[in-house]
Amino acid sequence: MAERKKLSGAQYRKRRAANEGFKTKQAGSLLKYLCSPQRNENVTDELKNQVEADREADEMTVSEEFELHNVIHVAHKESEVHKIDKFSGLYANYSDPASWVVFDDEMRQLLIEHGPKQVDQFDFPKDSLQRKFSKSHYNRRLVNGDEVRRHWLQYSVSNDSVYCFCCKLFTSSTTTASSLSSNGSHDWKNMSAILSGHEKSSEHLANFQSWKEFELRLRNNNTIDAEHLRLVKKEEQYWQQILKRLIALVRVLGMQNLAFRGTHEKLNTADNGNFLKFVEFLALFDPLIDEHLRKIEDNETHVHYLGKDIQNELIHLLSNAIKQKILKSACDAKYFSIIIDCTHLMLVMLNK
């Protein structure tokens, strides 16, 4: 074996300098994967911003129990049962009277059942005179000093104006209509006088009485179409129960990591996938699903929520709910860990 040549002093110093340079370059590389105390605030803010971004991106927030009414509203696009679909824009803007354009009995009923919504948590914009809407207008001060809530008063975010809820719904004549019932009013300088005069007018009092009478009849089921409303409610409960079972089925298939669809997408055929097969299996023991499949086979309904689109919709809603819960728990926790390729990395000192 050849004898190893000993390095000279200059060569040794050169190699040591190279090693020191390499160590300096690699210093802090592990911090890319671990959170140091100095980065606590930044990491927490990033997680919180991610959660907020996810919440804004989703049109509906679905919890573990899932708000079935919202699921029905998203998926139910063709059924004649849900007349509310005619007012899909209205459904998302109960608190914005400027978006209410055409009125009929169904729309009035929908709005009155929901009731007027007053905007409180909002940074009201200023006009050219540096004046803006004040939440104090929601209250009326009586002669004896007491305050009464003006539940009929609504602020529109879209056009920065206020409206009268009952006059917006029941005013029939456009020539004598008040500004609070037609295009809204944003005269903030004289708003107190406008509201005081409006609530004392005979037109407002008549519309207010119509509103309360309509509300009372709805509460007591004494309206002319009470029987029709009862049937609509019954159908609504029917679809809620159907969707409740389908959501549970989607959760089971997802947890078991099973494929949803097969070669065919028709009931009672071979190779139609796990989703439809499980629906057929449920029909053997569940009278509701059995009746639902009978209606489909007899062409009594063309809206069945068994197609690939509703499956993808439910999967999307469930995945968003899981993701939001994970991100929320990560933001709320002081410590949490991540396992990557069987390597356990502890993320330290994540403050709330």
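Predicted model: local features only at pLDDT ≥ 70, side-chain atom pairs only at ≥ 80, totals over all residues.

Start on the inside. In soluble globular proteins, nonpolar side chains tend to be buried together. Here, the largest nonpolar core has 27 residues. The ones with the most contacts inside this core are Leu-111, Ile-112, Phe-133, Trp-152, Tyr-155, Val-162 and Trp-211. Which elements build it? At least two residues each come from helix 5, strand 3, strand 4 (161-164), helix 6 (165-170), helix 7 (191-199) and helix 8 (202-220). Helix 6 gives the most, with 5 residues.

Now zoom in on helix 5, which spans residues 105-114. Its buried residues are Met-107, Arg-108, Gln-109, Leu-110, Leu-111 and Ile-112. Just after helix 5, Gly-115 takes a positive phi of about 85°.

Keep an eye on Tyr-155 from the core, and look at the aromatic rings. A pair of aromatic rings is described by the distance of the centres and the angle of the planes. A search of the whole structure turns up 15 aromatic pairs. Take Phe-122 and Tyr-155: their ring centres are 6.1 Å apart and their planes meet at 45°, so this pair is tilted. Phe-122 sits in the loop between helix 5 and strand 1 (139-141), while Tyr-155 belongs to strand 3 (residues 153-156), so the pair ties together parts that are 33 residues apart in sequence. Are these two buried or partly exposed? Phe-122 is partly exposed, at 33% relative accessible area, whereas Tyr-155 is buried, at 0%.

Tyr-155 has another ring partner, Phe-124. In this pair the centres are 4.8 Å apart and the planes are at 90°, so the arrangement is edge-to-face. Phe-124 also lies in the loop between helix 5 and strand 1, so its pairing with strand 3 ties together parts 31 residues apart in sequence. Both Phe-124 and Tyr-155 are buried. Step back and you'll see a cluster: ring pairs link Phe-122, Phe-124, Phe-133, Tyr-138, Tyr-155 and Trp-188.

The charged end of Lys-212 sits over the ring of Trp-211, 4.1 Å from the ring centre. Likewise, the charged end of Lys-295 sits over the ring of Tyr-238, at 4.4 Å from the centre.

Lys-212 has a further contact: a salt bridge with Glu-215, where the closest N and O atoms are 3.4 Å apart. Both residues lie in helix 8, 3 residues apart, or about one turn of the helix. With 34% relative accessibility, Lys-212 counts as partly exposed.

How many salt bridges are there in total? The count comes to 11. One of them joins Asp-286 and Arg-245, with 2.4 Å from N to O. Asp-286 is in the loop between helix 10 and helix 11 and Arg-245 is in helix 9, so this pair ties together parts 41 residues apart in sequence. Asp-286 counts as buried at 17% relative accessibility, while Arg-245 is partly exposed at 25%. Then there's Arg-294 with Glu-300, whose closest N and O atoms are 2.9 Å apart. These two belong to a network of salt bridges linking Glu-291, Arg-294, Asp-298 and Glu-300.

Next, the backbone. Most residues other than glycine have a negative phi, and most peptide bonds are trans. Asn-257 is not a glycine, yet it has a positive phi of about 55°. You'll find Asn-257 in the loop between helix 9 (226-255) and helix 10, exposed at 69% relative accessibility. Tyr-305 also has a positive phi, about 60°, and lies in the loop between helix 11 (287-297) and helix 12 (308-332). Tyr-305, though, counts as buried at 6% relative accessibility.

Leu-258, Phe-278, Phe-281, Leu-282, Leu-284 and Phe-285 make a nonpolar surface patch of about 610 Å². Phe-281 is part of helix 10 (residues 273-283) and is partly exposed, with a relative accessible area of 47%. Phe-275 is in helix 10 as well, but counts as buried at 0% relative accessibility.

Key: Residues numbered from 1 in each chain as written. Heavy atoms only, no water. Patch = residues over 30% accessible without salt bridge, like charges linked within 9 Å, V, L, I, M, F, W, Y side chains within 5 Å. Areas by Shrake-Rupley, 256 points an atom, 1.4 Å probe, with all protein chains shown as cover. Salt bridge = Lys/Arg side-chain N within 4 Å of Asp/Glu carboxyl O. Helix = DSSP H or I, 4+ residues; strand = E, 2+ residues; numbered from the N terminus. Buried < 20%, exposed > 50% of the residue type's maximum accessible area, 1.4 Å probe, protein only. Phe/Tyr/Trp six-rings, centres within 6.5 Å; stacked < 30°, edge-to-face > 60°. Lys NZ or Arg CZ within 6 Å of the ring centre and 35° of its normal. Core = buried A, V, L, I, M, F, W, Y, C linked by side-chain atoms within 4.5 Å.
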